[in-house]
Amino acid sequence: MAGTGKKIEVLNPACTNNTVARVPLAPRTFDTLAGKTVYLVDIGWGGPEAAYDVFQVVEERFKQRFPGITTKVVRKNGFFSADDPELWEEIREKGDAAILGISC
């Protein structure tokens, strides 16, 4: 661009030393998961078949580790960032907890 009088803008990709404010984890709600229903929610990152079986493995591990737990593996409708009010309502009505996740 030398001699044309045009300039280009360059952005610095370096990170700053500023850190975000940390928020503590939510307090535990239950002393035990026995008798509770936990939804394992695949939010669909990577597409519908990205690694749904990972949630099924988690479900099996939960059943082994926490006898008496009920788990339900579900897929959220829509794009991963889209709202799914029907699912959230189902979890409110029928579930005690939910774990939302991705697996690739």
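Strand β3 (residues 97–101) supplies three residues to the lining of the largest pocket, the largest share. Strands here are DSSP runs of E with at least two residues, helices are runs of H or I with at least four, and both are numbered from the N terminus. The model is a predicted one, so local features need pLDDT of at least 70 and side-chain atom pairs count only at pLDDT 80 or more, while totals for chains, interfaces and linings use all residues. Residues are numbered from 1 along each chain as its sequence is written, and side-chain values use heavy atoms, with hydrogens and water left out.

Back to that pocket: about 250 Å³ of space lies in it. A pocket, on a 1 Å grid over the protein atoms alone, is an open set of points where a 1.4 Å probe fits, with protein on both sides within 12 Å along at least five of seven lines; lining residues have an atom within 4 Å of a point. Points are joined across faces, edges and corners, and the volume is the space filled by probe spheres set on them. Among the lining residues are R28, F30, D31, F62, F66, A97, A98 and I99. Sorted by class, the lining has eight nonpolar residues, two polar and two charged.

As for the sheet, three strands form an open one in the order β2-β1-β3, paired in parallel; two strands pair if DSSP finds at least two bridges between them. That leaves β2 and β3 at the edges, each pairing on one side only. Neighbouring strands are turned by 20 degrees against each other on average, direction ignored. Strand β1 (residues 37–42) and β3 are joined in the parallel sense over five bridges, and Y39 stands opposite A98 in β3. Helix α1 packs on the sheet and touches β1, β2 and β3, its direction making about 170 degrees with that of β2. Helix α2 (residues 85–94) packs there too, also touching β1, β2 and β3, at about 165 degrees to the direction of β1. Axes are lines fitted to C-alpha atoms, for helices over the stretch in contact, and angles run from 0 to 180 degrees between N-to-C directions.

Two residues give a closer look. E59, in helix α1 (residues 52–65), is buried at 15% relative accessible area, where buried means under 20% with a 1.4 Å probe, protein chains only. E59 touches L40, T71, K72 and V73, leaving aside residues up to four places away in sequence; touching means heavy atoms within 4.5 Å. V74, in strand β2 (residues 70–75), is buried as well, at 11%.

Definitions and conventions:
Buried means under 20% relative accessible area, exposed over 50%, partly exposed in between (1.4 Å probe, protein chains only). Ala, Val, Leu, Ile, Met, Phe, Trp, Tyr, Cys and Pro count as nonpolar, Asp, Glu, Lys and Arg as charged, and the others, Gly among them, as polar.
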